[in-house]
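Colleague: I would like to learn how to read features in a protein model. Please take me through one, a feature at a time.

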Amino acid sequence: MTDESARSERAEADRDESRQERLDRNTMELLNELRVANTGIQVMFAFLLVVPFQQGWSHVDGFERTVYFVTLLLVALAAFLLMAPSIHHRILFRQGEKPFLVDVANQFAIAGGIFLALGFVGILLLISDVVVGAAAPGIVAGAAVVTVGTLWFAVPLARR
């Protein structure tokens, strides 16, 4: 048994709950976390959907169009991953698949978070290139990668 799985089992054993109660709690915690992520996706996707229809869109260059399109795809993929657990739950409702649902939803939430983070970086890169240009896009995108990478991934991974 690895140190990580032993620590996880000890943490779960400290709670006075059955396996089913733990699965129910894990499901509710995960769904609440997905709600937060979905709000971010809605805002980002709304922004990305209206950008090409703005008057100034005809003035963007090839680099900006590419960044826009890649960012749109990243945010769409994040949305697919973060919404998938709800669809899985509906399809597998009352089929005794809660352990599967919690495990897959956890993996999808992490993957969706990665694509969401990349989407944020893409939006910041695009906006800073259009608004400021020069070195700003590289600096802003680099700072965004470091910030979101640290806050979302490095801190919890270091704690693990």
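Predicted model: local features only at pLDDT ≥ 70, side-chain atom pairs only at ≥ 80, totals over all residues.

Colleague: How many residues does α4 have, and what span does it reach?

Modeller: The expected span of a helix is 1.5 Å times one less than its number of residues. With 34 residues, α4 reaches 47 Å from its first C-alpha to its last, which is close to the 50 Å expected.

Colleague: Which residues does Arg25 meet in salt bridges?

Modeller: One partner of Arg25 is Glu17, at 2.7 Å from N to O. Another is Glu29, at 3.2 Å from N to O. Arg25 and Glu29 both belong to helix α2, four residues apart, about one turn of the helix. Through shared partners, salt bridges join Glu17, Arg25 and Glu29 into one network.

Colleague: Is Arg25 buried or exposed?

Modeller: The scale is relative accessible area: buried means under 20%, exposed over 50%, and partly exposed in between (1.4 Å probe, protein chains only). Arg25 has 17%, so Arg25 counts as buried. Glu17 is partly exposed at 21%, and Glu29 is partly exposed at 35%.

Colleague: What does Lys98 pair with?

Modeller: Lys98 forms a salt bridge with Asp24, and their closest N and O atoms are 2.6 Å apart. Because Lys98 lies in helix α4 and Asp24 in helix α2, the pair ties together parts that are 74 residues apart in sequence. Lys98 is partly exposed at 22%, as is Asp24 at 31%.

Colleague: Which rings count as an aromatic pair?

Modeller: Rings of Phe, Tyr and Trp (its six-membered ring) pair if their centres lie within 6.5 Å; planes under 30 degrees apart count as stacked, over 60 as edge-to-face and the rest as tilted. The structure holds three aromatic pairs. One of them joins Phe120 and Trp152, edge-to-face, with 6.0 Å centre to centre and 80° between the planes. Phe120 is in helix α4 and Trp152 in helix α5 (residues 136-159), so this pair ties together parts 32 residues apart in sequence.

Colleague: Where does Phe153 come in?

Modeller: The ring centres of Trp152 and Phe153 are 6.3 Å apart and their planes are at 65°, so that pair is edge-to-face. Phe120, Trp152 and Phe153 form one aromatic cluster. Phe120 is partly exposed at 32%, Trp152 is partly exposed at 37%, and Phe153 is partly exposed at 24%.

Colleague: What does it take for a charge to sit over a ring?

Modeller: NZ of Lys or CZ of Arg must be within 6 Å of the ring centre and within 35 degrees of the ring normal. Here Arg90 lies over the face of Phe93, at 4.5 Å from the ring centre.

Colleague: Which residues make the nonpolar surface patch?

Modeller: Patches are made of residues with over 30% relative accessible area and no salt bridge; like charges are joined within 9 Å, and nonpolar side chains (Val, Leu, Ile, Met, Phe, Trp, Tyr) within 5 Å. Accessible areas come from the Shrake-Rupley method with a 1.4 Å probe, and for residues only the protein chains shown count as cover. Ile127, Val130, Val131 and Val132 make a nonpolar patch of about 360 Å². Val130 is found in helix α4 and is partly exposed at 48%.

Technical notes
Residues numbered from 1 in each chain as written. Heavy atoms only, no water. Helix = DSSP H or I, 4+ residues; strand = E, 2+ residues; numbered from the N terminus. Salt bridge = Lys/Arg side-chain N within 4 Å of Asp/Glu carboxyl O.
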